[in-house]
Amino acid sequence: MATQEKIIHVRDLVKKFGNFTANDHLNFDVYKGDIYGFLGANGAGKTTAIKILCGLSYPTSGTVEVAGLNIYKERENIKKDIGYMSQKFSLYEQLTVQENIRFYGGIYGLKKKELNEAGNHMIETLQLQNERHKIVGDLPLGWKQKLAFSIAIMHNPCIVFLDEPTGGVDPKTRRQFWELIYQAADRGITVFVTTHYMDEAEYCQRLSIMVDGRIEALGKPEDLKNEHAAGSMEEVFIKLARKQKETS
Amino acid sequence: MRTILILLRKEFIMIFRDRTMLPIIFVMPLLQLLILVNAATFDMKNIKMFIIDKDHSATSLRLQNKFSGSPFFRIEDQSMNVEGGHNSLLKGNADVVLHLENGFEHDLMTEKQTKAQLLVNGINSRTAGLINAYTSNVIADFNKNVIIDNLHLKGDQMLQVNISSSFWFNPSLNYKNYMVPGILVILVTIIGMFLTALNIVREKELGTIEQINVTPIKKHQFVIGKLFPFWLIALFELAFGLTLGKLMFDIPIEGSLLVLFSFAAIYLLVILALGLFISVSAKTQQQVMFVTFFFMLVFILMSGLFTPENSMPIWAQRANAINPLAYFMRVNRMVLLKGSGFADIANEFISISVFALVSLSLAIWRYRKTK
């Protein structure tokens, strides 16, 4: 599915908080239609990088382009074309499922008809017919995460950023979640996802592994496994993290 | 425009779904008016008096009766010696001690003048001043009677200046007429500032603001969506409070409500913008509470709610030029008690409009979608 059209183009991205360098000269490209895994241990700098790509945070230096637009100059235009699902559940818990759908659809400028269609389709796909008018805060976590993802792509963005979308979710729901990700990719939406689960890493078409603010490995899962003579992504990950520890 | 309407719809749903909102809107003004207006009284009643009467003459007794007959004084106790009086003042059993020496009557009869000593508890200078004035009044009245009786003059034979005074704008000096407009200002300000500030920082704490910040919502849309509901609620609160004030205390509404609400509308922009500014600068609800509380306290105490602005030191009066509460406090009383119109409060209108412009710009500038 992946093409050669670059959706994300990052060169020498640096983000410093005082003396601490959270992102140390990151270089990577994400192509249209990719499911791109952005892996790394806790505190490796994944969320920092995602926030920069979404326009929530300024980079210290470097070139960043999202959907062909410059992050410094056209941040607000980029926002029309991206979806974002943060680590922390951030739909309105006091609103019902339907009200959240209407709110975010409206904010992204969906017309009433489009909004109704998209909403109905979403409710059907997620099988939330009975929960439509329930307060979101009362739903189980897994359902909330699936709803948040569906709302993040309701306006058909060119790319969606998912920051640990399956944290704390049971294995069955995680699988369903990845089915949703594949459906989105089929619709032509590029997916940029961070995760801690190495089995999920195998589902990605391309991925990079961050260690202490730097990208230590980048490529297809099979290539990375061959390169590091590892049987699974988990082994690759641990080898990279260990190597880092020995050198530091 | 559509985006703003969508934001507003969401905001109103969330405000009224919050179970604490309705009590805040309806019970708070009722309690504030009932408690504060009745409790924060300037009137002096039941001044506790202790009398040391060493004379025990007909004249000293008449003076005593003069006090015990007054609705403002209550004779707590009396004794023949000084210690009793001093002790009751020390223990707080008396606010004022009247000391009549032996020979009080004798001096009056022979020397045509006599002395009495007044000891007033001065801890609260305002009460002390009032007690002194009340007591002097009673004694002056007593003096007049003594002169008439003893010199066998008829009242009209006395040369005296009769002062007849009338109090404008609040003829009966009803302190409630003075307090209710003041309390209303506080009420509207608290509602506007706290609710706005807490609402936005709550979205920060929950993380929902991040989801908003990745959308193409424009800054002004977000700000209007956040401020308009509380602007409306605060204006409603003013109307509700005025109605309560009219029904419960029958406060006068001399001026035009249009003038009052026009001013309130602009004033609220200042207050809401301050709330917004505080909340976009803070990270937690706790920080917001502390900062807002600090500002409110300074604003309220300086505003002239209790202390007339004119009797503040010059520096404080100058500082009040940047206290929005002082403006509204003044305007509210002017319009309600004096019936001032647009022309009379033109200066206040201009000042508060400048405030609104500055504080709104500051708040919008301070709100960042990108950190």
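Student: Is A:Gly137 buried, exposed or partly exposed?

Tutor: This is a predicted model: local features need pLDDT of at least 70, side-chain atom pairs count only at pLDDT 80 or more, and totals for chains, interfaces and linings use all residues. Residues are numbered from 1 along each chain as its sequence is written, while chains are lettered from A and ligands numbered from 1 in the order in which they are written. A residue is buried with 20 or more other C-beta atoms within 10 Å of its own, exposed with 12 or fewer, and partly exposed in between, the C-beta atoms being placed from the backbone. A:Gly137 has 13 such atoms within 10 Å, so its class is partly exposed.

Student: Which residues does A:Gly137 touch, not counting those up to four places away in sequence?

Tutor: A:Gly137 lies in the loop between α4 (112-125) and α5 of chain A. Helices (H or I, at least four residues) and strands (E, at least two) are DSSP runs, numbered from the N terminus. Contact requires C-beta atoms, placed from the backbone, within 7 Å. By that rule A:Gly137 touches A:Glu93 and A:Gln94.

Student: In β7(A), which residue is the bridge partner of A:Tyr84?

Tutor: Strand β7 covers residues 159-163 of chain A. Four bridges join β6(A) to β7(A), and the two run parallel. In β7(A), the partner of A:Tyr84 is A:Phe161.

Student: Which residue in β9(A) stands opposite A:Tyr36?

Tutor: Six of the six residues of β3(A) are buried. A:Ile35, A:Gly37 and A:Leu39 point one way from β3(A), and A:Tyr36, A:Phe38 and A:Gly40 the other way. β3(A) pairs with β9 (residues 206-211) of chain A in the parallel sense over five bridges. There, opposite A:Tyr36, stands A:Arg206.

Student: In chain B, is the crossing of α7(B) and α10(B) left-handed or right-handed?

Tutor: The axes of α7 (residues 175-206) and α10 (residues 257-281) of chain B come within 8 Å and cross at roughly 35°. A crossing is left-handed if the near helix is turned anticlockwise from the far one by less than a right angle, and right-handed if clockwise. The crossing of α7(B) and α10(B) is right-handed.

Student: Which element gives the most to the side of chain B that touches chain A?

Tutor: 18 residues of chain B are in contact with 22 residues of chain A. On the chain B side, α1 (2-17) and α8 (208-213) each supply at least two residues. With six residues, the element that gives the most is α1(B).

Terms used: Pairing = 2+ DSSP bridges. Axes fitted to C-alpha atoms, helices over the stretch in contact; angles between N-to-C directions. Contact = placed C-beta atoms within 7 Å.
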